[in-house]
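The sequence and the structure are shown first.

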Amino acid sequence: SGKLHQHATTEASQATLASVSPVFAVMKLDKEGNTTYFEKKKTELYQELGLQARDLRFQHLMSIATRNNRIIMRMEFLKAVITPEFLLILDYRNLNLEHWLFNELASQLAGEGQLVTYSLPFEFRAIEAILQYRISKLQGRLNTLQPQILETLEALVDPKLLSVDRSKLHILLQNGKSLSELETDLKVFKETILEILDEEELIEELCLSKWTDPQVSEESTSGIDHAEEMELLLENYYRQAEDLANEARELRVLIDDSESIIFINLDSHRNVMMRLNLQLTMGTFSLSLFGLIGVAFGMNLESSLEEDPRIFWLVTGIMFLGSGLIWRRLLSFLGRHLEPPLPPHVPAVLKKSQPAAGRLEIKNNLKAETFGLSRSTLTNQ
């Protein structure tokens, strides 16, 4: 009775697991480009492929691994299993890749695309098609970001602008965030391929037909090295990713430099406004200083000066002339303290116009002096 109870419990648990097991919508493509669609539970699928459950546990990361003569590729949202005879795309309905899957991938695998591995076994074509699609997506993202960033920077980096458009800064911030995500994706792509290129055994494991197809095995022994072809294929896409990363890095440097230019322009305009404010303050101080004379004559005190009709123009002239002289003196003081420093002194011997041979001789003598030769040689020449 105990054995029967244990057997019933095991069957019940297996039925429960089978009921909650995820179902994959699978797209199958063979060597001729024929496509079939079906749905299968995860447990049944990995048993048929000779894999384990963790092999089909896909995260949104990039990885290329081999297991039991199968290649498992994870390209962000793309989940693929490659065998020597066919290619499986899992959960193809949720990938938003309909155009590539239904219009391009089948023709590429059948030999009607732009791949360079048609003379090689099927797994080469499948790997190249997926890597080519990934690189094209990264290239498309860069091509979309580059003109937007350049246009925004051109609108921001303008010395005539006294203020910065906040809407442009918001656009630049969003583009900078997208550029950072693109740089991260390119870095992951390069690191994934570089991990395989650094291990010769991993490259050998990617050549599936070498271990299953006798004809391919004979070609390998006769001088056609499929491992070398796989290495060249991966290295080619690694180089393309490196070129894209360099372009993205140049955009990042351009954004940083443009931010520095924006800050310099704003500081320059701020300094102009501060200097104008200081000049006006000096003018107000000068007028106030000599305005005390007018204040003194405006008091209700009697003197003999107010009876003279010429004293008004005399006092007014003294006030404006004195204020102007004081303001001019303060401006000259401000100019002396704000003017740029003098350039360094240049020796007279370098100021003289000399022929090309003479300038070359002086340059050589200066180099000789740097390496420790005596100064007398330079002086005599």
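Is Leu292 buried or exposed?

## Surface position of Leu292

Leu292 is exposed, at a relative accessible area of 54%; here exposed means over 50%, buried under 20% and partly exposed in between, with a 1.4 Å probe and protein chains only. Leu292 belongs to helix α9, which spans residues 226-298. Together with Phe285, Leu289 and Val295, Leu292 forms a nonpolar surface patch of about 390 Å² accessible area. Patches consist of residues with over 30% relative accessible area and no salt bridge, nonpolar side chains (Val, Leu, Ile, Met, Phe, Trp, Tyr) being joined within 5 Å and like charges within 9 Å.

## Basis of the description

The model is predicted: local features need pLDDT of at least 70, side-chain atom pairs count only at pLDDT 80 or more, and totals for chains, interfaces and linings use all residues. Residues are numbered from 1 along each chain as its sequence is written, and side-chain values use heavy atoms, with hydrogens and water left out.

## Overall composition

The chain contains 13 helices and six strands, taken as DSSP runs (helices H or I of at least four residues, strands E of at least two) and numbered from the N terminus. Of its 381 residues, 32% count as buried. The accessible surface amounts to about 24800 Å², and carbon and sulfur atoms contribute 57% of that surface; areas follow the Shrake-Rupley method with a 1.4 Å probe, and for residues only the protein chains shown count as cover.

Among contacts with a separation of 6 or more, 58% join residues 24 or more positions apart. A contact requires heavy atoms within 4.5 Å.

Six strands form an open sheet with antiparallel pairing, in the order β2-β1-β6-β5-β4-β3; strands pair if DSSP finds at least two bridges between them. Because β2 (35-41) and β3 (63-66) each have a single partner strand, one side of each edge strand has no neighbour in the sheet. From one strand to the next, the twist averages 20 degrees.

Strands β4 (residues 71-75) and β5 (residues 78-82) are joined in the antiparallel sense by five bridges, and Met75 stands opposite Leu78 in β5. Helix α2 (residues 42-49) packs on the sheet and touches β1 (23-30), β2, β5 and β6 (86-90), its direction making about 115 degrees with that of β2. Such angles run from 0 to 180 degrees between N-to-C directions, with axes fitted to C-alpha atoms, for helices over the stretch in contact.

## Salt bridges

The structure holds five salt bridges, each a side-chain nitrogen of Lys or Arg within 4 Å of a carboxyl oxygen of Asp or Glu. One of them joins Asp91 and Lys79, with the closest N and O atoms 3.1 Å apart. This pair links Asp91, in the loop between β6 and α3 (98-110), with Lys79 in strand β5, 12 residues away. Both Asp91 and Lys79 are buried.

Asp185 pairs with Arg141, the closest N and O atoms being 2.7 Å apart. Asp185 lies in helix α5 (residues 166-197) and Arg141 in helix α4, so the bridge ties together parts 44 residues apart in sequence. Lys190 and Glu242 form another bridge, at 2.8 Å between the closest N and O atoms. Because Lys190 is in helix α5 and Glu242 in helix α9, this pair ties together parts 52 residues apart in sequence. Lys190 counts as buried at 14% relative accessibility, whereas Glu242 is partly exposed at 24%.
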